[in-house]
Amino acid sequence: MSRYRLLPTPAQEAVLRDHCAHARFIWNLAVEQQSHWRPGRKSAPGYLAQCRQLTAARKEYPWLAAGSQMVQQQALRDFAQAMANFFGGTHGHPSWRKAGRDEGFRVVAVEPGEVRRLSRHVGEVRVPKAGLVRFRWSRAVPPGVKSYRVTRDRAGRWHVAFASVPQPIPAPGSGLAVGIDRGVAVSAALSTGELLRVPGLGGAERKRMLRLERKFARARRGSNRRRRVRHAIARLKARETDRRKDWAEKTSTDIARGFDVIRVEDLRITDMTRSAGGTAGNPGRNVRAKAGLNREIMRSGWGLLVRRLEEKAPGRVEKVKPAYTSQQCSACGHVDAKSRESQARFACTACGFACNADVNAARNIAAGHAVTARGGDGVARPVNREPQLLASLTGRE
């Protein structure tokens, strides 16, 4: 999707807020209907049945009829698609949407002329009930757009995203393959030796964030002071998010243009960033350290980088099992945990080869090494062998 900064007037912003509230209300009603379903009960109403219920509700409630029927119907369409994704196993179950966090709506059936350019940096789009709303023309709008989505982030910024599937980046045809090792200290290490880091907040910005978070903790709930501080924190976090997205876009484009095959670790990021808090009966250990690690993993943009690579270079991204890639020597194939001297240095205990630890892992990923638990490459004879638990229990040699 092609996203642009929307510039509504105060009157238009009030209409957009109403659209967001109506779309969120309809979505939550659909979630509530689905939550009442149990095995053995009659199935929850589908999209067509919900549209008929929406028509009846608009006749009964004037405040709902004052909104756009298209916006409200598209909320039901989005919910139907979310349920299809859930049953298909690609997404989780649709959950409740909250004011201030989930602000947005979708418009379809865009006619020619409803999206046009006014000047070099200004365009306008027709929004139901709001008229022509201006947006910043930062780049050309894809031709023939039929739908768009309007969103508002926590920092109070409005955006319009036109639905368009961009063309994939063609392979250079050089036959080169690259491996990418993702980490925290180094966001992405390439097998070519490049070390890439996500640009986050600067030193002064981090200090200001810390002061704001402390002020927010002291503010009374529901007060204007707490609302102002929350908005200031959201603006800083939005700045950090924008920098991470910009880095992921530029990095993924450069990698897709430079290599035919792109190999990455097959990481389960959701499981890796799961909380270690445990339960009251079985509390976790090192909870604060694990929470800090989770935050740094999310800030590194691991999933975003791979997702954009898969979208820009479809069919050219391969996922490699990450087991022992950081302990295997990329020169001789020897596997030894002692070779990883530190977070940044790798020195093979067999051949003496030394280099950056992340680059060494990226080279193993680029080669597509399927390292087994016994070491080696899984094809040749293992370099080292772990003791077998079954043999020790049964007494067999």
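Let me start with the overall content: the protein chain has 11 helices and 14 strands, where helices (H or I, at least four residues) and strands (E, at least two) are DSSP runs numbered from the N terminus. This is a predicted model, in which local features need pLDDT of at least 70 and side-chain atom pairs count only at pLDDT 80 or more, while totals for chains, interfaces and linings use all residues. Residues are numbered from 1 along each chain as its sequence is written, and side-chain values use heavy atoms, with hydrogens and water left out.

Taken along the principal axes, the C-alpha atoms of the protein chain fill a box of roughly 80 × 55 × 45 Å. Of its 397 residues, 38% count as buried, where buried means under 20% relative accessible area, exposed over 50%, and partly exposed in between, with a 1.4 Å probe and protein chains only. Contact here means heavy atoms within 4.5 Å, and among contacts in the protein chain between residues at least 6 apart in sequence, 62% join residues at least 24 apart.

I turn now to helix packing. Two packed helices are described by the angle between their axes and the distance between the axes; the axes are lines fitted to C-alpha atoms, for helices over the stretch in contact, and angles run from 0 to 180 degrees between N-to-C directions. Helix 1 (residues 10-35) packs against helix 4 at an angle of about 40°, with their axes 8 Å apart, and that makes helix 1 oblique to helix 4, given that angles under 35 degrees count as roughly parallel, over 145 as roughly antiparallel, 65 to 115 as roughly perpendicular and the rest as oblique. On the helix 1 side the contact includes H19, W27 and Q34, and on the helix 4 side V71, D78 and M83 are among the residues involved. By class, this contact has 11 nonpolar, 4 polar and 1 charged residues, counting Ala, Val, Leu, Ile, Met, Phe, Trp, Tyr, Cys and Pro as nonpolar, Asp, Glu, Lys and Arg as charged, and the others, Gly among them, as polar.

Helix 4 (residues 69-87) also meets helix 2 (residues 47-60), and here the axes come within 10 Å and cross at roughly 150°, so helix 2 and helix 4 are roughly antiparallel to each other. Among the residues in this contact are Y47, C51 and R58 of helix 2 and Q69, R77 and A80 of helix 4. The contact of helix 2 with helix 4 has 6 nonpolar, 5 polar and 2 charged residues.

Next, the cysteines. A search of the whole structure finds 0 disulfides, a disulfide being a pair of cysteine sulfur atoms within 2.5 Å. The sulfur of C20 is too far for a bond, because the closest cysteine sulfur, in C51, is 20 Å away; C20 is buried, with a relative accessible area of 0%. C348 is in no disulfide either, and the nearest cysteine sulfur, that of C332, is 3.6 Å away.

Finally, some loop residues. Most residues other than glycine have a negative phi. A109, in the loop between strand 2 (103-107) and strand 3 (115-117), has a positive phi near 55°. Y324 has a positive phi of about 65°, lies in the loop between strand 12 (317-320) and strand 13 (345-347), and is partly exposed, with a relative accessible area of 27%. S147, in the loop between strand 5 (131-136) and strand 6 (148-152), is buried at 15%.
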